[in-house]
Amino acid sequence: MTDLSTTYLGLKLRNPVIAASSGLTLNIDDLIALDKSGIGAIVLKSIFEEEIRRELEKDQFQMNKDSFIYPETMDFYDDFNAVDDSLTKYLRTIREAKEKTSVPIIASINCVTAEKWPYYAGVLQDAGADALELNVFALPTNFNLTAQETEQLYFDIIEQVKKEVTIPISLKISFYSSNLGSLIKRLTESGISGLVLFNRFYNPDIDPDALKITSSHVFSTPAEISLPLRWIAIMSGRVQCDLAASTGIHDGISVVKQLLAGARAVEIASVLYRKGIPYVAEMLKDMEQWMNLKGFSSVDDFRGKVNQASVKDPAAFERVQFMKYFAGKE
Ligand SMILES: Cc1cc2nc3c(=O)[nH]c(=O)nc-3n(C[C@H](O)[C@H](O)[C@H](O)COP(=O)(O)O)c2cc1C
């Protein structure tokens with residue numbers, strides 16, 4: 001008998017395959033389908049800091065309105081209040097997901113500052129979220145800031161959010177950093193329970209016919225697993241908090257690879273779009289088959305077995321140049 005169960009962020013998961021935040025983790029029917037497919041946990045689609053700020057402004061207007069006298073301004077307030085209340089819907093989704101699914105529900109916030117919005121993390125906790133994933137990244141286009149000044153944002157956000165919640169917090173980061181290993185290490189020591197390596201972003205492209213900017217490669221390919229695999233393998237023996245892998249995991253064997261590298265869990269999105277939610281069951285079956293073949297009865301038996309700290313040739317994870325014999329092509 002194989003046991004796929006694990007813990008992630010201190011939560012008990014029936015297996016380490018988590019539905020990453022995406023358009024498939026927003027509607028209750030999809031969340032129920034994910035639960036039925038056997039998924040280990042769900043990260044809800046992110047709400048954006050901007051949405052929280054908009055709500056705050058609305059409250060501010062409401063307060064002013066109560067003491068206001070000009071009727072024409074009242075019309076403006078009424079229009080403003082008609083704006084779709086995405087936050088109320090989000091809270092309803094958390095409550096419904098907790099009622100109608102059996103898996104841990106991780107709320108997600110996409111944020112780019114540490115100001116004003118963090119109180120809302122407490123509201124998500126009160127709605128029943130089991131944990132909170134913070135999706136933090138702004139492309140550093142202020143060229144007057146140093147790398148350290150730019151990265152301070154992560155620490156400021158963690159500090160503010162920690163004041164508001166008692167549920168575990170994870171941070172989902174990008175690989176854009178001038179000193180990634182050091183940043184990862186310092187983040188894992190900042191009081192978070194988990195770090196997700198890495199987020200994958202919306203990428204711009206150019207339509208040469210229309211001379212316009214378009215989007216490209218919305219979904220990952222299996223080849224994209226290499227970057228998170230390398231960094232999970234390098235860091236997993238060296239950090240205190242849980243590491244979760246994200247990007248390029250498209251089948252059960254890729255999940256196994258990330259666990260061998262030392263991940264506690266993986267987060268998948270593109271494969272759910274490409275192959276459908278029920279494909280999760282097949283991924284889990286392939287994992288079990290591999291475990292049976294290798295004689296592992298639980299994921300703890302093989303987690304981290306091929307991370308940098310465990311292998312005979314640790315430099316292999318740091319090799320970045322193609323040597324002549326290595327490429328075998330010259
Ligand atoms: C359509 C789509 C929407 C996404 N929306 C979010 C989001 O709201 N918040 C977030 O943190 N990540 C979001 N992601 C990123 C995924 O959670 C995931 O980290 C990324 O796609 C890499 O995993 P994959 O290779 O399995 O797709 C989205 C991805 C896709 C494809």
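1. Basis of the values. The model is predicted, so that local features need pLDDT of at least 70 and side-chain atom pairs count only at pLDDT 80 or more, while totals for chains, interfaces and linings use all residues. Residues are numbered from 1 along each chain as its sequence is written, and side-chain values use heavy atoms, with hydrogens and water left out.

2. The protein as a whole. The secondary structure comes to 12 helices and 13 strands, where helices (H or I, at least four residues) and strands (E, at least two) are DSSP runs numbered from the N terminus. Of the 330 residues, 48% count as buried, a term for under 20% relative accessible area, with exposed meaning over 50% and partly exposed in between (1.4 Å probe, protein chains only). The protein exposes about 16900 Å², of which carbon and sulfur atoms supply 53%; accessible areas come from the Shrake-Rupley method with a 1.4 Å probe, and for residues only the protein chains shown count as cover. Among contacts (heavy atoms within 4.5 Å) between residues at least 6 apart in sequence, 70% join residues at least 24 apart.

3. The ligand. Of the 20 residues around the ligand, S21, S46, K172, S220 and S270 come nearest, a residue being counted if one of its heavy atoms lies within 4 Å. A polar side-chain atom of S270 lies 2.5 Å from an oxygen atom of the ligand, and for K172 the corresponding distance is 2.8 Å. An N or O atom in the side chain of N135 is likewise 2.8 Å from a ligand oxygen atom. Taken alone the ligand exposes 610 Å², and the protein buries 89% of that.

4. The residue T2. T2 lies in the segment before strand 1 (6-8), and it counts as buried because its relative accessibility is 14%. Its side chain makes a polar contact with the side chain of E288 at 3.3 Å; such a contact is a pair of N or O atoms within 3.5 Å, and within protein one must be able to donate a hydrogen and the other to accept it, with residues adjacent in sequence counting only if both atoms are side-chain atoms. Leaving aside neighbours within four places in sequence, T2 is in contact with E288, M291, N292, F296 and S297.

5. The residue L227. L227 is found in helix 8 (residues 226-235), and it is classed as partly exposed because its relative accessible area is 32%.
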